[in-house]
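Please view the chain before reading on.

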Amino acid sequence: MSERHSFRARWVVPGDSDPLEDGVVEIESGRITALHNRHDAAAEDLGNVALIPGLINAHTHLEFSDLSQPLAPAVPFTDWIRALVTYRRGRSHSASVDAIESGIFESERSGTVCLGEIATPATPSEAEDEPGCDLGQYSSPHSARPVVFLELLGLAADQHDRQLELARQHLDRPPLPGIRCGLSPHAPYSVRPPLYAALVNLAQTHRCPLAVHLAETRAELQLLREGTGPFADLLRDFGVWDPTAIPSGTRSMDYLRPLADVEHALVIHGNYLAADEIDFLAEHQNISVVYCPRTHAYFGHAEHPWRQMLERGVSLAIGTDGRGSNPDLSVWRELQFLRQRFQQVDPARLLDLGTICGARALGLDEELGTLSPGKSADMTMISLPDSDGHWRDVLFDPRSEVIGTLCRGMRIGE
Ligand SMILES: [Zn+2]
C-alpha cells in the first residue's frame, strides 16, 4: 500500500501537538506524513468528526466476549471468580475461539487499534500439537494489534516447571506480523512466589512486557498478610491451597519490587495499593497501572486512587477488562464514564489515558498513541454534536460516539 490519502475533520486532536480546527491528516504508505489546516482539494472530508489517535485498550480478556452481560454475583469477588471458573469449564474450546474473534471485531468497531490481551493456554487435549495459545486467531485480517500476554497459573509447587515451559514456548515462537507476546503471571493468589520470580526473570531476559493483577481486593491483601479469608476458602475449595505457599506478612510491594527491571510491566487494577507502593510506582515509569473504570465500579470497590496516581506522576493507562465484568469492550465508553464523573479532569489528560498512555504501557509508543508524522496512521473517528464549541467542550460530549477506525489509513469497522 503506497497510496497517499488525506482526511479532513472538524477537529484533529493529535495528542502531542496543538489540536487543529478544520484539520487535515496526510498519510502515505500507512504512515502519517503531515498535519495542517491549509486548503487541500484532495482531502476526503469526514465532516463533523474529531480524528484522535487510535484508542488503546491496555487490559482485556477477549475469551469472555460472548457474554451478553457481566457474570454474577459481583460481590464477594471470590464468588465472581467461582462463576468465572464455572463458565470457563462449561464451554468448548471452539466457543472460546469464536468469542475471541467477536471480541476483536467489537474492539475495532469501538475504535480500538491495540489491545493488551490476556490469553489462556489451551489444555493439552484442546491444543493438539501446539500447547499454549494459538496466535493465529489474533492475526490478519484483523487490524487491532494485540499484545498477547499468556496467562500463567500455579500456586502449587508442582506446577512450576510446566508453567515456566509454557511461558518459554510462548516467547520462543516465530513472530507473527503485528503481534507482540508477553507474559501474565495471573495474580498473587494464583501464582506461587518462586514461579512469579521466574516469570519476571524470563520477561526481563526476553525484554517482553509482563502483566499481573495486583491489589485488586482487600481479600487479596488479607491472604498475603495472614493466609486467611475468602481467598484461602476459595483455594481450599479448588483443592490448591497450601498454607506454606505465601510467607505471612507478604504485601503487594513484594510483587512490585521485582518489576523494577522489566522493560514494560503492567499492574492491572492496583485498587488497594498503599501510599508507599504508589510512591514506588512514581519512581518506576516502566511500570504502568491499568485502571478499568467500569469494571472497578461493577465490583463496588472503594474509590480508585487514579487521580492521586496521576498527581504523583505514576504511569497510568485504561483498560476495559473482559466482558465477564464489563458490558462491552469500548475504551471510549470508559473515557466518557470518567468524564461524566470527574468533570475537573482535563479532557486532554483523559484522551492521553486512552491513547498514548496505553501505547507506552505496552511499549508501542514509537508506533502508536499520537498523531505524529512518522507514526502508524491509526486513528479513531468520533462523531461530534452539532453545537459550536472548542474541542475540549465537544469531544467528550455525551452525544459524541466512535463511528469507525482508520487503521494504517484504511477504514475499519464502520
Ligand atoms: Zn483481568
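In which sense do strand 5 and strand 14 (residues 379–383) pair, and over how many bridges? The sense is antiparallel, and the two strands are joined over five bridges. The model is predicted.

**Domain layout**
- The chain falls into two parts: domain 1 (4–53 + 369–412) and domain 2 (55–361).
- The centres of domain 1 and domain 2, taken over C-alpha atoms, are 31 Å apart.

**Contact between the domains**
- Domain 1 gives 16 residues to the contact, and domain 2 gives 19 residues.
- On the side of domain 1 that touches domain 2, strand 5 (49–53) and strand 15 (401–407) supply at least two residues each.
- Strand 15 has the largest share of that side, with three residues.
- By class, the residues on that side of domain 1 are nine nonpolar, five polar and two charged.

**Strand 5 and its partners**
- Strand 5 is largely enclosed by the rest of the structure, because five of its five residues are buried. A residue counts as buried if 20 or more other C-beta atoms lie within 10 Å of its own.
- Strand 1 (residues 4–12) pairs with strand 5 in the parallel sense, over two bridges.
- Opposite V12 stands L51 of strand 5.
- Strand 14 is the antiparallel partner of strand 5. There, T380 is the bridge partner of I52.

Note on methods
Residues are numbered from 1 along each chain as its sequence is written. This is a predicted model: local features need pLDDT of at least 70, side-chain atom pairs count only at pLDDT 80 or more; totals for chains, interfaces and linings use all residues. Domain bounds come from an automatic or database domain assignment. Two residues are in contact if their C-beta atoms, placed from the backbone, lie within 7 Å. Helices (H or I, at least four residues) and strands (E, at least two) are DSSP runs, numbered from the N terminus. Ala, Val, Leu, Ile, Met, Phe, Trp, Tyr, Cys and Pro count as nonpolar, Asp, Glu, Lys and Arg as charged, and the others, Gly among them, as polar. A residue is buried if 20 or more other C-beta atoms lie within 10 Å of its own, exposed if 12 or fewer, and partly exposed in between; C-beta atoms are placed from the backbone. Two strands pair if DSSP finds at least two bridges between them.
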